[in-house]
Amino acid sequence: MILRWLCRQRRPFIDGYGHHRRQIARDVSTKASDEATIALDRTRNIGIIAHIDAGKTTTTERMLYYSGFSRRLGDVDDGSTITDFLPAERARGITIQSAAITFSWPPSTGKHQPPAADTPRSANPHTINLIDTPGHADFTFEVLRSLRVLDGAVCILDGVAGVEAQTEKVWTQAGWYRIPRIIFVSKLDRDGATFARTVQEIGSKLNVWPAICGMPWWSAEGKLIGVGDVVGLRCLRYAEGGDGKDVQTSNLNALDDLDAKFGAELRKARVALVELLSEHDDEMVEHYLEANEDHLAISSEAIIASLRRCTLHPSQAVVPVFAGASFRNIGVQPLLDAVVDLLPSPLERPDPDVNSGLAVSGLTLTQYLNRSMSVAKTTKPSLALQQMSTATALAFKVTSHPRHGVLVYVRVYSGTFTRNMHLWNTTLSAPERAQKVLRMYADDAVDVDEIASGSIGVIPGLKVTRTGDTLVSMPPGANPKNGPPEQLRDLQLQPIHVPPPVFFVSVEANSLAEERHVRGSLELLLREDPSLHVTLDEESGQTHLSGMGELHLEIARDRLVQDLKAKARIGDVEIGYREAVTAECEEIEEFYDRDVAGKSSRAGCTVSICQSGVPLNQAKDLADSDQELHTLEMPDENLLYVIIPPPTALPTNLPTQTLKSYLRTGVLAALARGPTHGFPMHSTKITLTLDHTTHLFPNTSLSAISSVARLAVAKALRASAKIQDTVLMEPVMSVRISVPEENLGAVVQDLSAQRGGSVASLDADGETSYSADAAARIIDVSRIYTPPDPFGSSPGSGTGDALLEAENRVIRVIKATVPLREMIGYLKHLRSLSGGRGTFTMDVDRFEKMGGVRMKAVLEAMGRGM
C-alpha cells in the first residue's frame with residue numbers, strides 16, 4: 001500500500017518561493033470567516049524546543065512542506081529556511097529570535113466539516129500556531145516568553161548527542177509552566193546515532209517515563225529506511241532520497257515477510273507501551289482486560305486516548321517518544337499527527353492567573369472578570385472566557401518589521417480582538433488602538449478580521465506596549481482616554497520573568513548629530529528585547545548596553561549598526577557588577593519643589609536604608625498609627641517597604657496602587673546607580689515613609705512623588721557610603737559542563753585551580769532542577785524498554801555502558817559555580833581541553849561580595865582604582 005501525504009492546494013502554485021508563500025497566506029486571509037468558525041478544540045499552540053543544532057528549524061521546515069504551506073524544503077546551511085529569515089540567522093546558521101507561523105494539519109481544503117465518529121483527531125484539519133525557538137543559552141529569554149503563551153511543546157533530541165545540557169534547561173522551563181510535551185528523536189540517519197541510549201537518557205536526565213510510540217527501522221546494513229508505528233502496529237518505509245511524501249506502509253503480517261526481526265521488536269515495543277500506560281492510566285487497564293490480556297488486540301484509538309490522558313496530566317510522568325530524521329524527510333508526518341492527537345487545545349489548558357496591580361490577586365482570569373460582569377455559567381473556565389465581552393491578551397513579543405513597522409505579538413485569553421478596537425494597556429495605564437490585526441507567517445504578515453480567543457496574532461502600530469504587558473478591550477461607548485471601568489484597570493496577566501543581564505558594552509554615537517538616532521534605536525531594541533538594559537554612566541557620559549551573554553550582545557550590536565543603521569561605536573564586552581551598602585544611614589527627609597510642565601509641584605518623603613537581612617533601628621510601630629505598610633519586591637534582591645496613608649486619607653488623584661507604582665519607579669531609578677562605583681545596587685533594604693500631613697500638598701503630583709523618592713534614596717545611598725564604603729558584588733554562575741570521561745580530570749583541575757570555581761557534583765547522568773512533581777518521581781532506568789541499535793545491544797541489556805566506554809563516549813557532567821569573570825571566552829578553552837567535544841551552559845546563580853584584594857584587582861583592570 002502506498003500512502004502520500006498530499007498538499008490539497010486551493011489554487012495552482014505560482015513559481016517563486018516568496019510569491020508562493022504570500023499567495024497561500026492571502027488565500028488564508030480570504031477564508032477569515034471560515035476560520036472564525038473553527039472550534040477551539042481544533043487549534044494547537046505549540047513550540048519547538050531543544051538544544052542548539054538539535055534540528056528544530058529543519059523539523060519546522062518539513063512540517064511546513066508537508067502541510068502545503070511551502071513548496072520547497074528549506075535548508076539551514078543554505079540560509080533558505082522560512083523561520084530563520086534574519087540576515088544574522090542565515091549567516092550563522094542558528095535561530096536567534098523565535099518565529100511564529102500558522103498552518104493546517106492535515107492539509108485543509110478550506111471547508112471545516114464536523115468530525116466523523118470514531119476517527120482520530122488527526123483525521124480532521126487542525127490549525128497549528130507554531131513557534132520555532134532558539135537553542136542557544138544566550139537567548140533564554142526568547143524561549144521563556146514563547147513558553148509563557150504556548151499550550152504544548154515538541155522537544156527535539158539529537159540521536160547522536162542525546163539529551164544535552166540546554167535541552168535539560170528548556171525542559172525544566174517548560175515544566176514551570178506545566179506545558180505538555182512530546183519528544184522527537186531526530187538525526188537517527190547519522191553515524192553514531194543511538195536511539196536506545198537517547199531513550200534511557202530521557203528517563204535519567206529528564207526524569208520522565210519515555211513511552212516509545214515510534215521506533216527507527218534500520219536495514220541490515222544499519223541504514224535508516226523508515227519508522228515503526230508502535231501505536232498502529234505498522235511500519236512506514238520512506239523512498240530513499242525522496243521528499244518524504246511517498247511512504248510504503250505495511251501491517252504486521254506484511255512486515256514479517258519484509259523484516260521478521262523488526263516485526264518481532266515492534267511487538268515487544270507494543271507490549272512495553274501498554275504495560276507503561278497501564279501503570280499510569282486506569283482506563284488502559286480496563287482495555288487490557290477487555291482484550292483478554294492481549295497487548296496487541298487493544299485498538300490504536302484506545303492507546304491514543306490513554307497517551308493523551310497521560311500527556312495532559314499536570315505532572316506528566318509519561319512522555320510520548322517518536323523517531324525519525326528530519327533532514328532525510330523521515331518520520332515527520334507521524335510527528336504532526338501526534339501534535340494533533342496528543343497535545344492540548346486552548347480549551348484544555350488551565351485558566352491563566354492574574355495580578356491586581358503589583359500584588360498577586362490569587363484569582364484566575366475567569367474569576368477576576370466574573371467579579372465585574374455577568375457570564376453564562378459553565379463547568380469549563382476556558383469556555384466561560386469565550387463568552388466574555390472583555391477581550392484580554394498578553395503581549396509576549398515586540399519586533400520591528402521593515403514594511404509593517406512595530407509589531408506586537410499577542411496571545412488572546414478571552415474575547416476577540418478586531419480591527420479599529422480601542423485597547424487599554426493595564427500595565428502602563430495607557431490607551432492603545434488596534435487599527436489592524438494580522439496573522440504572521442514567519443516574515444510575511446496578512447490582514448485578518450479578528451484574533452479569536454485562544455489564538456496567537458499580531459497587532460501593528462501600538463505606541464507604548466512592551467513585552468509582558470496586558471491589553472484589554474474598551475467597553476463600547478467608553479472614552480478611550482479615561483480607560484476601562486475601575487474594576488478592570490488593575491487586571492494584569494502574570495508577567496514574563498526577565499533574567500538579569502550580566503554583560504555590558506559601551507555605546508557611543510559617532511557625532512552629536514547621530515545621538516538622537518542612536519537613542520531612538522536603543523529604545524526600539526529594548527522594546528523588542530526586555531532582557532537588554534540601557535544605563536547611563538554619569539561620570540564618563542557613556543551609554544551602557546547590558547545583555548545575557550557575549551553572543552547576545554554581538555547580535556544586538558549587529559542589529560543596532562546594520563539593521564537600524566545607527567552610527568555608533570561599540571566597546572568591548574564587560575561584566576555587569578553590583579554594588580552593596582555596608583552601613584546603615586539615619587533617616588533622611590527630602591522635599592521636591594519644582595515646576596513640572598509649567599505647573600508648580602511639591603512633595604516630600606523620609607527614607608532610611610540598610611543591608612538586606614539587617615533589621616532597621618528606625619522600624620516603626622504602626623499599631624498606634626493610621627499608616628499602612630506595603631512590601632514591594634525589587635530587582636537584584638532589593639526590598640522596598642512603603643509606609644503610606646490609608647486610601648481614605650489620600651487625595652483622589654493619588655490612588656494607593658498608582659502611588660505605590662510611582663514610588664517604586666522613583667526608587668528603581670535611584671538604585672540603578674551606586675554611590676561609589678556607579679553599578680546597580682544589590683541587597684539593599686529601603687524604608688520609605690510618606691506622611692500625608694507633612695509630605696503631601698494640594699499641588700502634589702505623581703511625577704513629583706516619583707522624583708522625590710528618587711532624590712531621597714540617592715541621598716541616603718551617598719550618606720551610607722560616607723559612613724563606610726560600598727562593596728562590589730560579582731555574578732557567580734551556575735555552570736553545567738558536559739565532557740567525555742577521559743577529559744574529566746583536566747577540566748575539573750582547570751575549574752578549581754585556575755578559575756576559582758567550586759565543583760558541586762560529578763555525575764554520569766547530570767542533575768536537573770526538576771519541578772516539584774518531577775523531583776518526587778523515581779525513574780528506574782533498568783525498567784525502560786529500549787529497542788536494540790543496529791551496531792550494539794540495547795543499554796537495557798547491560799552491555800550498553802561497556803560499549804560506550806569502549807568507544808570513549810561516556811559523557812560526564814560537571815556542576816560547578818564559577819565567577820563570571822573567569823568564564824569569558826571559556827568555550828574555546830573547553831574545546832581545547834576536550835578535543836572539541838565539550839559543551840557547557842550557564843546562568844546566574846547569585847551575586848557574591850568580593851574580597852578586598854579581588855575587588856582592587858577588578859577596579860584596577862577597569863581603570864577605576866580603589
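# Structural briefing: helix packing, cores, cavities and backbone exceptions

The cover over the buried residues of helix α23 includes β37 (727-740), α20 (744-754) and β40 (839-849). The model is predicted, and local features therefore require pLDDT of at least 70 and side-chain atom pairs pLDDT 80 or more, whereas totals for chains, interfaces and linings use all residues. Residues are numbered from 1 along each chain as its sequence is written, and side-chain values use heavy atoms, with hydrogens and water left out.

**Overall architecture**

- The chain contains 24 helices and 40 strands; helices (H or I, at least four residues) and strands (E, at least two) are DSSP runs numbered from the N terminus.
- Of its 866 residues, 56% count as buried (buried is under 20% relative accessible area, exposed over 50%, partly exposed in between; 1.4 Å probe, protein chains only).
- Among contacts (heavy atoms within 4.5 Å) with a separation of 6 or more, 74% are between residues 24 or more positions apart.

**Helix α23**

- Helix α23 spans residues 826-834, and its buried residues are Tyr826, Leu830 and Ser834. These residues lie on the same side of α23 because they cover an arc of only 55° around the axis (the arc is taken over directions from the helix axis to the C-beta atoms).
- An α-helix has 3.6 residues a turn, so residues three or four places apart point the same way.
- Lys828 and Ser832 are exposed on the other side of α23.

- Helix α12 is largely enclosed by the rest of the structure, because 10 of its 11 residues are buried.
- The buried residues of α12 are Val332, Gln333, Leu335, Leu336, Asp337, Ala338, Val339, Val340, Asp341 and Leu342.
- Ser345 belongs to the loop between α12 (332-342) and β13 (353-356), and Ser345 is buried at a relative accessible area of 1%.
- Apart from neighbours within four places in sequence, the contacts of Ser345 are Leu40, Asp41, Thr43, Arg44, Asp151 and Arg308.

**Tyr288 in helix α10**

- Tyr288 is part of helix α10 (residues 282-290) and is buried, with a relative accessible area of 17%.
- Excluding neighbours within four places in sequence, Tyr288 contacts Val274, Glu275, Glu293, Asp294, His295 and Ile298.
- A distance of 9.9 Å separates the C-alpha atoms of Tyr288 and Ala302, which are 14 residues apart along the chain.

**Nonpolar cores**

- The largest nonpolar core has 119 residues, of which Phe103, Val154, Ile183 and Phe195 touch the most other members (a core is a set of buried Ala, Val, Leu, Ile, Met, Phe, Trp, Tyr and Cys residues joined through side-chain atoms within 4.5 Å).
- Ile183 touches Cys155, Leu157, Trp171, Ile202, Leu206, Val319, Pro320, Val321 and Phe322, with residues up to four places away in sequence not counted.
- A second, separate core comprises 60 residues, including Ala393, Ala434, Leu560 and Ile575.

**Cavities**

- Five cavities of 30 Å³ or more are found in a search of the whole structure (a cavity is a set of points, on a 1 Å grid over the protein atoms alone, where a 1.4 Å probe fits but cannot get out; lining residues have an atom within 4 Å of a point).
- The second largest cavity holds about 70 Å³ of space (points are joined across faces, edges and corners, and a volume is the space filled by probe spheres set on them).
- Its lining consists of Ala100, Ile101, Thr102, Asn129, Leu130, Ile131, Tyr409, Arg439, Met440, Ile456, Gly457 and Val458.
- At least two lining residues come from each of β3 (99-105), β4 (126-132), β20 (437-441) and β23 (456-460).
- The lining of the second largest cavity comprises eight nonpolar, three polar and one charged residue (Ala, Val, Leu, Ile, Met, Phe, Trp, Tyr, Cys and Pro are nonpolar; Asp, Glu, Lys and Arg charged; the others, Gly among them, polar).

**Backbone exceptions**

- Most residues other than glycine have a negative phi, and most peptide bonds are trans.
- Trp105 and Pro106 are joined by a cis peptide bond with omega of about -5°; Pro106 lies in the loop between β3 and β4.
- Lys565, not a glycine, has a positive phi of about 60°. Lys565 sits in the loop between α17 (550-563) and β29 (568-570) and is exposed, at 57% relative accessible area.
- Asp636, also other than glycine, has a positive phi near 60°. Asp636 lies in the loop between β34 (628-633) and β35 (639-644) and counts as buried at 19% relative accessibility.

Note on methods: 1 Å grid on protein atoms, 1.4 Å probe; cavity = no way out; pocket = protein on both sides within 12 Å on 5 of 7 lines; lining within 4 Å.
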